[in-house]
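Me: I am new to this structure and would like to understand the terms used to describe it. Please set each value against its definition.

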Amino acid sequence: MPAYVSSTAEPPWFARPAARGWTCPPAPTEVRDFHASLSGYAPTPLTELPPLAVELGAGRVFVKDESCRLGLPAFKALGASWAVHRALAARAARGDATAPVVLVTATDGNHGRAVARTARLLGHRARIFVPRGVHPEAVAAIAAEGAEVSQVTGAYDEAVRQAAEACAEPGAFLVQDTAWPGYERIPGWIVEGYSTLCAEIDEQLAAAGAGTPGLIAIPMGVGSLAHAVVTHYRSHPGGPPTALLSVEPTAAPCVIESLTRGEPVSVTTGETIMAGLNCGTPSSIAWPHLRDGIDAAIAIPDAASARAAGDLARLGISSGPCGAASLAGLRAALTGDGADGRRAALGLGPASTVVLLSTEGAAANPATTTADI
């Protein structure tokens, strides 16, 4: 089936329903066992919200609540812990396990704090590059983990460039959650780390008698989390397929622009309260999975995410603007001009089970979350 791209009268939208037939190899099974061995590990809640099912015209709606993951207010610790574990094991295999290490990364907030926390727990140092637009409280939380914070005057892509350059120093290595040609192994391990979240969802839906999800809505930055979700749900052929919807800020629509053009492109980003999604370039290793495995993509304004965060709070879910983007994106897809076509592209029916990934709690990104921004 050919792709569908929205007109200018509709929200930025891309659909390729044929993605449900694409397959790929699964993530390594040992990732979940590693996370289960960590102090403080427990599956994050999968909370059913019947009022959203009524609103969205679905059978059942669940929110995967990542407001407390391994003691941090976002899901990023899953990727950072597994990637650092693999990197340090590779370093030990080379015979230099006693040499001092500095873990370096760029971040819009959550990933950098996760790397800093991982470094502190393992007795290593961390240096974190933070672009403009990250809330001062999020920067302070990274520094509170004992990391050296370098604030960058440019956008996220510039922070990534500076972090990569800093790794020329002896004893430093980059733990970045986006990839580019020549730097792909560690980002690949980060993606593998996120597979634990998907395995938990499967178990929790089964326990709730909800079966296979018909649709999952995923907040999208450079695409690493979406890469993990695509890998999980496209590596189990047979049975009802799961539609995957990516949601980006209208200020940083690098993935929807890339999907529309059929090749990865960089965009100039603007200002957005969805700080963790304010990324201008898709990850190189994520791109093939996004191109072939994502059913649909939509972009939303800040006001929609702020409203969704407030609504989730009233339903008992702590969600920051990035986490609430999944609800805002699905609302945008299912309402307004062209909604019937978008619903059909997603295969969403009155009996469908929907999972919204709320990737951060309100404490992760203390931006304004009222709808009158």
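Reply: Among the elements that line the largest cavity, α9 contributes the most, with three residues. The model is a predicted one, in which local features need pLDDT of at least 70 and side-chain atom pairs count only at pLDDT 80 or more, while totals for chains, interfaces and linings use all residues. Residues are numbered from 1 along each chain as its sequence is written, and side-chain values use heavy atoms, with hydrogens and water left out.

Me: What makes a space a cavity, and how many cavities of 30 Å³ or more are there?

Reply: On a 1 Å grid over the protein atoms alone, a cavity is a set of points where a 1.4 Å probe fits but cannot get out, whereas a pocket is an open set with protein on both sides within 12 Å along at least five of seven lines; lining residues have an atom within 4 Å of a point. By this rule there are three cavities of 30 Å³ or more. The largest cavity has a volume of about 360 Å³; a volume is the space filled by probe spheres set on the points, and grid points are joined across faces, edges and corners. Its lining has 28 residues, of which F75, K76, D177, G276 and L277 are the closest to its centre. Both α4 and α9 supply at least two residues of that lining. The second largest cavity holds about 60 Å³.

Me: Which residues line the second largest cavity, and how do you know their classes?

Reply: The lining consists of D108, P131, R132, G133, A155, Y156, T269, G270, E271 and N278. Ala, Val, Leu, Ile, Met, Phe, Trp, Tyr, Cys and Pro count as nonpolar, Asp, Glu, Lys and Arg as charged, and the others, Gly among them, as polar. The lining of the second largest cavity therefore divides into three nonpolar, four polar and three charged residues. For the largest cavity, the division is 14 nonpolar, ten polar and four charged.

Me: What is the volume of the largest pocket, and which residues lie closest to its centre?

Reply: The largest pocket contains about 390 Å³ of space. Of its 16 lining residues, L38, S81, T118, L121 and L122 are the closest to the centre. The elements that give two or more residues to this lining are α3 (77–93) and α4 (110–122); helices (H or I, at least four residues) and strands (E, at least two) are DSSP runs, numbered from the N terminus. By class, ten of the lining residues are nonpolar, five polar and one charged.

Me: Why are α8 and α9 called oblique to each other?

Reply: The axes of α8 and α9 come within 9 Å and cross at roughly 45°. Axes are lines fitted to C-alpha atoms, for helices over the stretch in contact, and angles run from 0 to 180 degrees between N-to-C directions. Angles under 35 degrees count as roughly parallel, over 145 as roughly antiparallel, 65 to 115 as roughly perpendicular and the rest as oblique. The two helices, α8 and α9, are therefore oblique. Both α8 (195–207) and α9 (224–234) also supply at least two residues of the lining of the second largest pocket, whose volume is about 320 Å³.
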